[in-house]
Amino acid sequence: MNRPFLKTFPNFLSLLLCVALGISFAGGALHAQSTPGTQPARAPFQAVFRLDGGDTTYAFGVNERGELQQIYWGGRIGASDTIAPPKSNPDWASFDSSYNNTPQEYAGWGTGLFHEPALKVTFADGNRDLVLHYVSSFRSDEHSLDIMLKDISRAVSVTLHYRIDPATGILARSATIESHEAKPIMIEQAAAAGFALPPAHYTLSYLSGRWAGEFTLNQEAVRPGQRILESRRGSSGHQINPWFAIGKNDAADIVDEEHGEVWFGALAWSGSWRITVEQDQLDAVRVTGGFNPFDFGYPLKSGEKLETPVFYAGYTHNGMGEASRLLNHFTVSNILPEAPNPRPRPVIYNSWEATEFNVTEAGQESLAEKAAALGIDRFVMDDGWFGQRKTDHAGLGDWYVNKEKFPNGLKPLIDKVHSLNMDFGLWVEPEMVNPDSDLYRKHPEWVLNFPGRPRSEERNQLMLNLARQDVRDYVYGFLDKLLTENQIAFLKWDYNRNWSEPGWDQLPPDEQKKVYVQFTRNLYSILAELRVKHPNVEIESCSGGGGRVDLGILHYTDEVWPSDNTDPLDRLTIQDGFTYAYPVQVMMAWVTDSPHWLNQRSTSMAYRMLVSMQGSLGIGANLNKLSDADLSTIKRLTGAYKQVQKTITQGDLYRLISPTNGSEFSATETVSTDKSQAVFFGFVHSTQEGRTFPRLQLLGLDPGAVYTLSSIEGNTVEGTPVVASGAWWMNHGVNLQLKGDFQGAAFRLEKK
Ligand code: GLA
């Protein structure tokens with residue numbers, strides 16, 4: 001139960017009264033609401049709030065005007081240190097008011113704010129001025145805090161939710177906006193949170209991409225003005241992922257992989273989103289993130305609420321590497337459906353690249369036999385098993401088993417898979433419909449559309465409007481039936497296009513934009529309900545590869561498909577970028593055929609296996625065509641992988657050498673959280689001028705412990721010890737014999 005937290009604000013009731021009356025409380029006296037820039041007559045009475053977790057402290061308080069102002073976000077400060085209450089920053093001449101210069105926790109668009117607001121509303125009478133002042137606070141425990149703000153005169157309140165993770169110091173922030181105005185208000189912009197950093201030189205990192213080219217790490221200086229990271233696509237999207245990191249780059253304080261101050265964050269939202277990074281006129285930096293305000297509009301009637309997504313954010317003084325380790329441990333222990341102890345992912349076989357739409361009972365059974373012989377745990381049948389699905393032109397929406405391909409339903413195939421000691425997974429794309437389907441012929445009104453306007457198809461399909469209750473119930477219903485009638489352990493949940501014509505013509509015009517919120521909420525509710533009813537079913541989020549990877553979907557799905565691009569060389573960079581924001585635990589990595597369909601590059605099976613073994617391993621190659629030598633390489637390395645999988649997928653990842661920017665070499669290392677095991681990989685793109693592979697100085701080991709080195713694949717140079725201290729492996733390092741084109745090696749260290 002929340003209870004009022006009155007210790008720091010004894011005069012709570014009088015403040016509440018003041019706020020209700022539209023006046024501010026300062027210095028124990030009542031003052032009429034002051035205009036920006038005017039100085040309060042007496043020393044203000046203020047509250048300070050502090051959250052400590054991991055190596056981080058976050059502090060904010062109520063300034064003399066009643067605004068919630070950020071005070072500090074950085075390394076953990078002493079428990080007995082006193083934090084002074086905040087005081088608003090002064091005007092900068094007559095052009096930049098104090099309201100603009102003061103870093104607010106959650107700024108309403110009012111009082112002449114020209115920075116990114118957290119909240120912007122229009123009232124029924126045309127008023128668009130919103131000034132949020134502190135009302136009250138509630139602490140449910142030492143790590144959680146709710147703060148209520150309210151407009152200075154209107155019945156609109158915002159409750160800010162804060163929770164800091166004691167282990168990592170990662171803060172979860174979100175807001176609940178509530179109106180008790182007699183007439184509806186329109187929310188035009190709603191962020192989950194705003195974060196502030198003091199003036200300094202900063203580097204912004206973010207992840208960009210496109211289909212088959214996701215998770216490219218970009219780094220650029222933070223400059224005056226706004227840098228917008230966003231998706232307007234209706235889902236989190238391939239183009240920019242909802243994650244950021246900001247490193248401090250002042251003269252003596254350069255951020256790199258293992259050093260320097262980094263602030264980072266990720267939005268838990270799978271719909272259109274926006275993160276605005278803004279350097280203001282006085283060089284301070286603000287990061288505001290939440291619903292994308294583009295085409296946004298959410299009306300609230302009296303008594304209604306809007307909950308924002310959660311914006312997670314953290315801090316480290318140990319560089320980009322530690323930032324990702326903190327975020328990834330947090331995701332594994334707090335976000336994933338099986339948190340805090342998710343099982344390592346089963347090694348899967350997926351039939352897509354072998355058969356595409358030409359699935360048959362006999363064909364799948366024969367692939368299953370071959371997969372089982374390799375040590376695969378899970379057999380997944382991909383697209384093509386349902387409706388009249390022979391190509392991508394038809395069938396989506398008709399989720400009955402195709403009788404020509406599976407005359408006796410899925411049971412014979414599933415029984416066969418079980419008899420081979422594997423469990424069974426199935427591909428679905430629940431939010432889509434082909435116009436050539438029974439579902440569309442029956443319910444053409446179920447798709448996103450503006451009546452009388454064209455309906456744009458992508459991959460010959462339209463989007464069902466999942467925001468509609470009847471569509472939501474249909475989608476839940478067929479999935480529930482499928483999972484009830486068949487022994488399915490896993491769904492690959494695909495989503496192969498972005499939105500277009502996002503109309504919701506069931507609702508009055510001024511409510512139709514609620515589709516941006518309700519669609520995603522219904523998606524989450526379907527996933528949540530399915531998981532409760534079918535607790536043993538696991539789910540993968542796929543969207544033509546990595547088009548829907550975010551901390552929102554990861555609360556309901558066990559893994560994601562980072563990219564349809566499985567070319568191993570490309571995968572090295574995709575995986576490198578991916579791991580800045582998301583854990584290896586969820587990063588599915590398949591080995592597919594060579595030459596690769598996208599780049600026509602030929603690579604050895606060992607190289608392909610080693611690249612995929614850096615993630616959660618899967619095999620997607622056509623097993624009917626592989627040579628015996630390749631099959632035995634898969635079997636051998638799958639066996640070796642399973643012995644170290646938990647370390648690779650849930651340990652501390654160190655990106656020793658980046659594969660980006662045309663690098664000739666790359667290397668990663670993962671250390672188990674108890675430091676008893678480490679696994680490291682090295683890759684060479686193409687050796688030039690006879691260069692030797694750089695010496696790998698390992699990280700994160702116990703320097704005083706003794707570790708034994710063994711090879712998973714490849715050799716070290718002559719003279720490398722087999723047994724040495726953690727200090728040796730970290731300081732002296734290890735030299736690999738690695739030359740040629742597309743070569744890889746992997747080793748493990750075991751603590752004695
Ligand atoms: C998407 C997925 C692929 C495959 C196909 C099936 O492209 O990313 O892995 O499942 O759909 O149509």
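The centres of domain 2 and domain 3, taken over C-alpha atoms, are separated by 34 Å. Across that pair, 18 residues of domain 2 are in contact with 19 residues of domain 3. The model is a predicted one.

**The whole chain**

The protein chain is divided into three parts: domain 1 covers 12–335, domain 2 covers 348–646 and domain 3 covers 656–751. In secondary structure, the protein chain has 13 helices and 39 strands. Its C-alpha atoms fill a box of roughly 85 × 70 × 45 Å along the principal axes. The radius of gyration is 27 Å, which agrees with the value near 27 Å for a compact globule of 752 residues.

Of the 752 residues in the protein chain, 62% are buried. Take the contacts between residues at least 6 apart in sequence: 67% of them join residues at least 24 apart. The protein chain exposes about 27700 Å², and carbon and sulfur atoms supply 52% of that area. As for charge, there are 68 positive and 88 negative side chains in the protein chain. The centres of the two sets lie 2 Å apart.

**Helix α11**

Helix α11 spans residues 605–612. Of its 8 residues, 8 are buried, so the helix is largely enclosed by the rest of the structure. Among the buried residues of α11 are Met605, Tyr607, Arg608 and Leu610. Ser612 is buried as well.

The loop between β30 (588–591) and α11 holds Pro595. A cis peptide bond joins Ser594 to Pro595.

**Backbone exceptions**

Most residues other than glycine have a negative phi, and most peptide bonds are trans. A few places in this chain depart from that pattern. The table lists the two cis bonds with their omega values.

| Cis peptide bond | Omega |
|---|---|
| Ala339 to Pro340 | near 10° |
| Ser594 to Pro595 | about -5° |

Pro340 sits in the loop between α3 (319–335) and β22 (348–350).

Two residues have a positive phi without being glycine. Asp283 has a phi of about 75°. Asp283 is in the loop between β17 (273–279) and β18 (285–291). With a relative accessible area of 39%, Asp283 is partly exposed. For Asn421, phi is near 65°. Asn421 belongs to the loop between α6 (411–419) and β24 (423–428). Asn421 counts as exposed, because its relative accessibility is 70% and exposed means over 50%.

Notes:
Residues numbered from 1 in each chain as written. Predicted model: local features only at pLDDT ≥ 70, side-chain atom pairs only at ≥ 80, totals over all residues. Heavy atoms only, no water. Helix = DSSP H or I, 4+ residues; strand = E, 2+ residues; numbered from the N terminus. Rg over C-alpha atoms; globule rule 2.2 N^0.38 Å. Buried < 20%, exposed > 50% of the residue type's maximum accessible area, 1.4 Å probe, protein only. Contact = heavy atoms within 4.5 Å. Areas by Shrake-Rupley, 256 points an atom, 1.4 Å probe, with all protein chains shown as cover. Lys, Arg positive; Asp, Glu negative; His and termini not counted. Charge placed at Lys NZ, Arg CZ, Asp CG, Glu CD. Domains from an automatic or database assignment.
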